[in-house]
Structure formats: structure tokens, C-alpha cells
Amino acid sequence: MKIQSIRGTHDILPGSVELWQQVEATAHALFELYGFAEIRTPILEETELFARSIGTATDIVQKEMYTFSDSKEKQISLRPEGTAPVIRSYIENGLYREGMVHKLFYIGPMFRRERPQKGRYRQFHQIGAEVLGTDHPAADAELILMLRRFLRELQFHDYRLLINSVGCFECRPTYVQWLRGALQKFQTLCPDCRRRLEANPLRVFDCKNPACQELLHRVTPLLERLCPACIAHFDSFRRHLDQAKVDYQVAPQLVRGLDYYVRTTFEMVSDRLGPTQNALLGGGRYDGLSEAIGGPPTKGCGFALGLERFILLLSNQEELGASYVPPRSTVFLAYLDDRAFQECLRLAEELRAEGLSVTLDFEARSLKSQLRLADRTRALFTVVVGDLEIDSGQFKIKRMADGMECTVTRAQLASYMKEQGSATASQPAC
Ligand SMILES: [Zn+2]
Ligand SMILES: [Zn+2]
């Protein structure tokens, strides 16, 4: 029986991977301008890390993690998100001892056993960044400015920025208690939300059930019950955005699905993703996260962007397709016999040393089928090699775009193709 990929996972083939590379390269270059350095953490972590950071009452920890026992009966999980591992590494490697702000970004796969749906996968990829060691609202705003620029550089403009404050450990518990009481009166809450009322009533704000959403618009949001320090922080965050002329909407319902957020939360949403589940990226502040996993008090904020959904939007596709496009080569070397094949192997290495991408056929097929292969690799040039070329040292180069031909010496081959490769087809070939 044919073995197939696991449900909820996908391949990224040549032809599609180029867009991924472009997005990743843009992140690398731009984030470095803002002082971020890349961090790579393991895909496997102790389950306890996520239980303590994301929260045991969340769907992620309760239902969605890939968790198993290793030989010592320790529970380990495939990471469902990137922030907790980064903080774990920050603590473990003693970065906090350096007494400075650390800016770290990551790109990599995450794993959640969710129901697969459009743009949602069980192995998905995130780009994320964390600013550790400051609670200044300008740090939160700077993340937004960086993201705005990131999206602009990738020509993506169809999004809105939503911001909110979810309070701190001073003001939130009082509100949560009040909210529990206020919501208990409503019989129309869905069964999921009834359960949420016990563990974490704030999570009710994440419910997509229209009846629940309707109720929530009638209760006083946390934003109106913040303590003075949280109000000051949120006002300052907004002032920094205003100064930079960033458009945003205050969204009091935006609490985000993870327990560790305090004060700032934000999302960039795109209506092109549909009316619900429209978040392209999200983030916020998590000042208590380090303590929750046994580290020293550390202030921090960050964001994560889901690459699959973003790539779907950038490529204007409905589904992430697995259509294959062979990589393009600059020159295809065709040969007439085995002597020429040997010569082509040597020539290919010489041309590659000059920075040209070279393809040739290994299967000693007819010249006609070799030239068909040249077409399929969309080679810019083809060179046919036989006794005549080897003995005379003169090689005929064919430019595939217009069929123009030109004869040059072996020594001139590389420089000729480099020059002509960037020229347009309407220019003379010789
Ligand atoms: Zn507060
Ligand atoms: Zn609900």
C-alpha cells in the first residue's frame, strides 16, 4: 500500500518553496534592522513547559498537543508554539544575566492536533519574535512598526490592526471574578463556555459561537476595569502608535487564547481570511511568563505569524497546492556521445565555479530528448557538445528565448552567458 503524508501536514515543493524563502529572507533582513537575532530551539520540549506557560485550561494543552512518554516516563511534547521554548532557553542559557534587552526571532514548524481546515495544518510554520527585558510600551509599539514594514515589503496591504489591554495580575483577577458572576446569569452561553466559566472566564471571549459573542458585547470589558498602571501603559502604547501614524482599532474583546498575556494584546486580521478565524498574526506582552516556568522576573512581549495562511494570501490561492515546477537552470549541456558526456561533466563543474547553474542529462538519451529536457528546465541557453566542439575548442551557444546562436571559445563560455543571461531576448546574441 502506498504510504501518504499524515493528515494535516503538507509538502512544500520546488515552485512553491521560493515564496516561502522570500518571506523568510524578508524577515531575516528586516528583523535584523530592528536588532533581532535568530534563535533555534528544539522541536521537543517537556510537556510541563507548555502546561505552565500556555495554561492547563487551554484547548492547546488539553486537546491539541502531540504528547508522549520517553523512556524515562517523562512527558514530552512537540512544541505547539514558539514563545515558551524561547523563554525556556533564555533562562537556561542565562541570557538574563547580561542585563540588557534581548531581541530574538525564530522561524520553524509548530504542531497542534487541530481539525484541519483551510490554511490550518497540524504541522504549521510560524515566524515569531520576542523582546525580553523591558516593559516599556515603546517596545510593544516597535513590534507593530516592524510588522507593518514586513507586510509592506511583501506587498501585503489587506489587513487591520486590533489592539487591546488584558490588564495585569493586580486588576485582572478582580475582573475575572466579576465576569464569572455576570456571565453565570446567562442561560444562552454555549456548553463550552459554561466549562470555561469555571477554569478561565476570559476565554469566553475567544468563543466563535454567535450567541456567546452577542452576550459579550453586553458585559463591561476588561479594558474599562484596568488599574491605573495598566491604563498608563496602554495610553503610552497608543501614543507611540499615533506618533508613527499607525492605523489601529481598539478591540476590547481581543483577549487572545493563551493564559500568559498581560496588558498589551494585538492582532493583525485580514478579511480575506474570512469572517472568523481571520487572524494573520497575533501577539502581546507576557511579563509573568518567565516566573511561571521557574525563571527570574522578566518582562517581555512578542508576536507570531502563521506562515501557511500568510502564504495562501500572498499567492492568492485557495489551498496550498503541491504543484511542482522544476528549478530553472542557466545552461543545459547536451552531448552526442560518451566522449562528449565526459567533457560536459568537466565543463559543468567549470561553469558552476563561475556561478552559473548547469543541468545535463545523465541517461544518455537522444539529442532530441535531451533538448526536450532543456525546455522543461527552462534553460536560458543550450550548448550541444560533440567531437567537432571538443577538437576545435569552439562552442555554439543557443539562446532559448529566440533561438539566436553564437559561437565562442571554451574560455569565453561563462562570461558570454553571464553577460547575455541578464540581457533581453530582443538584443543581438553575438
Ligand atoms: Zn493592571
Ligand atoms: Zn461559547
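Trainee: What spacing do the donors of the zinc ion (ligand 2) follow along the chain?

Mentor: The spacing is C-x2-C-x13-C-x4-C. Keep in mind that this is a predicted model.

Trainee: What makes the cysteines donors of the zinc ion (ligand 2)?

Mentor: A donor must be an N, O or S atom within 2.8 Å of the metal. The SG atoms of Cys190, Cys193, Cys207 and Cys212 lie at 2.2 to 2.3 Å. These four coordinate the zinc ion (ligand 2).

Trainee: Why is the arrangement around the zinc ion (ligand 2) called tetrahedral?

Mentor: Four donors count as tetrahedral if all angles lie between 85 and 135 degrees. Around the zinc ion (ligand 2) the four donor atoms subtend angles of 104 to 115°. For reference, the ideal angle for four tetrahedral donors is 109.5 degrees.

Trainee: Why are cysteine 193 and cysteine 207 called buried or exposed?

Mentor: Buried means under 20% relative accessible area. Cysteine 193 has 0%. Cysteine 207 has 6%. Cysteine 193 is therefore buried, and cysteine 207 is buried too.

Trainee: Now the zinc ion (ligand 1). Which atoms coordinate the zinc ion (ligand 1)?

Mentor: The SG atoms of Cys168, Cys171, Cys227 and Cys230 do, at 2.2 to 2.3 Å. In sequence, these donor residues are spaced C-x2-C-x55-C-x2-C.

Trainee: What does the pair of cysteine 168 and cysteine 227 link?

Mentor: The pair links distant parts of the chain, 59 residues apart. Cysteine 168 is in the loop between strand 7 (160-165) and helix 6. Cysteine 227 is in the loop between helix 8 (210-216) and helix 9 (228-243). Both cysteines are buried.

Trainee: How do you know which geometry the site of the zinc ion (ligand 1) has?

Mentor: Test the angles again. The four donor atoms give 102 to 113°. The limits are 85 and 135 degrees. The site is tetrahedral.

Trainee: Let's move to single residues. Why is arginine 225 called partly exposed?

Mentor: Exposed needs over 50%, buried needs under 20%, and partly exposed is in between. Arginine 225 has 36% relative accessibility, so the label is partly exposed. Arginine 225 lies in the loop between helix 8 and helix 9.

Trainee: What makes lysine 245 exposed?

Mentor: The cut-off is over 50%. Lysine 245 has 69% relative accessibility, so lysine 245 counts as exposed. Lysine 245 lies in the loop between helix 9 and strand 8 (249-250). Lysine 245 also has a positive phi of about 55°, although it is not a glycine.

Trainee: Which label does arginine 378 get, and what about its phi?

Mentor: At 34% relative accessibility, arginine 378 counts as partly exposed. Its phi is near 50°, a positive value in a residue other than glycine. Arginine 378 lies in the loop between helix 13 (367-376) and strand 14 (381-385).

Trainee: How do you know whether glycine 99 is buried or exposed?

Mentor: Its relative accessible area is 66%. Glycine 99 is placed in the loop between helix 4 (83-92) and strand 5 (102-111).

Trainee: One more topic: the second largest pocket. What makes residues of its lining nonpolar, polar or charged?

Mentor: Residue type decides. Asp, Glu, Lys and Arg count as charged, for instance. The lining has 10 nonpolar, one polar and four charged residues. Among those nearest the pocket's centre are Arg172 and Asp259. Helix 6 (residues 172-184) gives the largest share of the lining, three residues. The space in this pocket is about 230 Å³.

Trainee: Last, the whole chain. Why is the protein chain called more spread out than a compact globule?

Mentor: The chain has 15 helices and 16 strands. Its radius of gyration is 28 Å. The globule rule gives 22 Å for 430 residues. The value is well over the rule, so the chain is more spread out than a compact globule.

Conventions
Residues numbered from 1 in each chain as written. Chains lettered and ligands numbered in written order. Predicted model: local features only at pLDDT ≥ 70, side-chain atom pairs only at ≥ 80, totals over all residues. Heavy atoms only, no water. 1 Å grid on protein atoms, 1.4 Å probe; cavity = no way out; pocket = protein on both sides within 12 Å on 5 of 7 lines; lining within 4 Å. Points joined across faces, edges and corners; volume = space filled by probe spheres on them. Helix = DSSP H or I, 4+ residues; strand = E, 2+ residues; numbered from the N terminus. Donors = N, O, S within 2.8 Å, 3.2 Å for Na, K, Ca; no water. Tetrahedral: all angles 85-135°; square planar, octahedral: opposite > 155°, others 65-115°. Buried < 20%, exposed > 50% of the residue type's maximum accessible area, 1.4 Å probe, protein only. Rg over C-alpha atoms; globule rule 2.2 N^0.38 Å.
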